[in-house]
Amino acid sequence: MNFKGIDISVKLPPELDGDFIPASIWNRAFLEKAQGAGNSVPAAVALERGDKTVSVHHTRLFPEGDGMDEANCFYMERLIKTLLWIRGGRKIYIFAPVSVCDHIRSAYGPGGIREFDAKFMARVYEKPFEVEAVGIGEIPPPRESARQAVRHLGGCRIGLDLGGSDRKVSAVIEGDTVYSEEVVWHPKTNSDPQYHFDEIVRALRAAAAKMPRVDAVGISSAGIYVNNRVMIASLFLRVPDDVFDLRVKSILTDAVKELGDIPMAVANDGDVAALAGAMELNDVNVLGIAMGTSEAGGYVDRSGNITGWLNELCFVPVDLAAGAAIDEWSGDSGCGVKYFSQDAVTRLAPKAGICLDVSLTPAEKLKRVQELLAAGEAGARKIFEGIGSYLGYGLAHYADFYDIRHVLILGRVTSGEGGNIIVKTAAEVLSLEFPELASKIKLHLPDESSRRVGQSIAAASLVDLHK
């Protein structure tokens, strides 16, 4: 297959998605061809975050005017998009040929193809988003920071995991889980935050009733949080902006206050997934991936620390095909949310010959496909094999930006036999296409109970009561 002047071969593509172009395969082929030509040119990207920390990435491109300008622009646009959502940033410094710099400035400018991303980052960091073309000597040096991954389980704690389809809560006493519950809810379709508030309080009270007291509350949820405040979260997708600012930003702290003046901490669910993995494995270099309503990512580095990066893998492009699945929120194509969530299941179902009742919720559709798999339906198996193929190629892409020793996979998509199929197929992809990664990276599925509520248990450990 030739895509934008680059020849690629995909050895284990998803059977139900033959047009899939893995970013991991195409990027490697692009760099191999550019460097193999003997006249490649250097390029660099630095991303500055609101706290002045900086991430830097160096790469190579074809010389400008060498007939590969379109490929250069495409490669750099997808690379910067990936870096932005993994590392975070409110300003991009770019050193590259003029045509590439112009393309990136246009993409992130008003009306550009990445305007959503620019506005999103401006909202996260509460500063205007910028793109600046600079000389190689003007690329700022890397300046990373990390915060210690807390793992505190003493006392009586509540851990709450707020997913897009269900909310899970655990009561933990001295490290032992004495109660867990999982309740279906519909946060993404409700515009009145009172619904969200009441459901959160109901979950907290259910767990509190199982303990003699509550010493701490830890909350895991998709989105971006600063000082326990909700900056952006898909759970409140239907809430108007003016109502969001008034009612949602403090909704988690307000909900905990219903139990009293209790220490609390809020973390992105991807970071909590990584923390759950590090705790279970008693190791470091853990990438956590939660496959549920969306895809959440988190990372514990070689020092056992959470990096402070965004790790919003749901927006990272993993499929470069022209007809790749479109994410309705960002308007971009090929992003992880459509490949590592229940959306992937419902998207592949028609291709597998499975007709799902349109009146069912996404979570109910997933459950129906899982029931068909348990009953031996061949089409259902192909769906989970397809997600496993996506995952194998996706992990190779993530490995270009993370040092990975372990991958812990959580979320309702991995429940039942489907999770085993996903992991088995992903391992086959790594072994066949990326043997150097297959020998290094171990894939893990927790037991069925932890697979569903593991993040709520890990969330309970977020608060240090000794500070």
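Leu252 is buried, with a relative accessible area of 2%. Buried here means under 20% relative accessible area, exposed over 50%, and partly exposed in between, with a 1.4 Å probe and protein chains only. This is a predicted model: local features need pLDDT of at least 70, side-chain atom pairs count only at pLDDT 80 or more, and totals for chains, interfaces and linings use all residues. Residues are numbered from 1 along each chain as its sequence is written, and side-chain values use heavy atoms, with hydrogens and water left out.

Leu252 sits in helix H7, residues 251–257. Leaving aside residues up to four places away in sequence, Leu252 touches Leu162, Ile200, Ile219, Tyr225, Asn228, Val230, Met264 and Val266. A contact is a pair of heavy atoms within 4.5 Å. Take Ile219: 33 residues separate it from Leu252 in sequence, and 8.3 Å in space, C-alpha to C-alpha.

Now the whole chain. It holds 14 helices and 19 strands. These are DSSP runs, numbered from the N terminus: helices are H or I of at least four residues, strands E of at least two. The radius of gyration is 22 Å, close to the 23 Å of the globule rule for 467 residues, so the chain is as compact as a globular protein of that length. That radius is taken over C-alpha atoms, and the rule is 2.2 Å times the number of residues to the power 0.38. Along the principal axes, the C-alpha atoms fill a box of roughly 70 × 50 × 40 Å.

Of the 467 residues, 60% count as buried. Among contacts with a separation of 6 or more, 71% join residues 24 or more positions apart.
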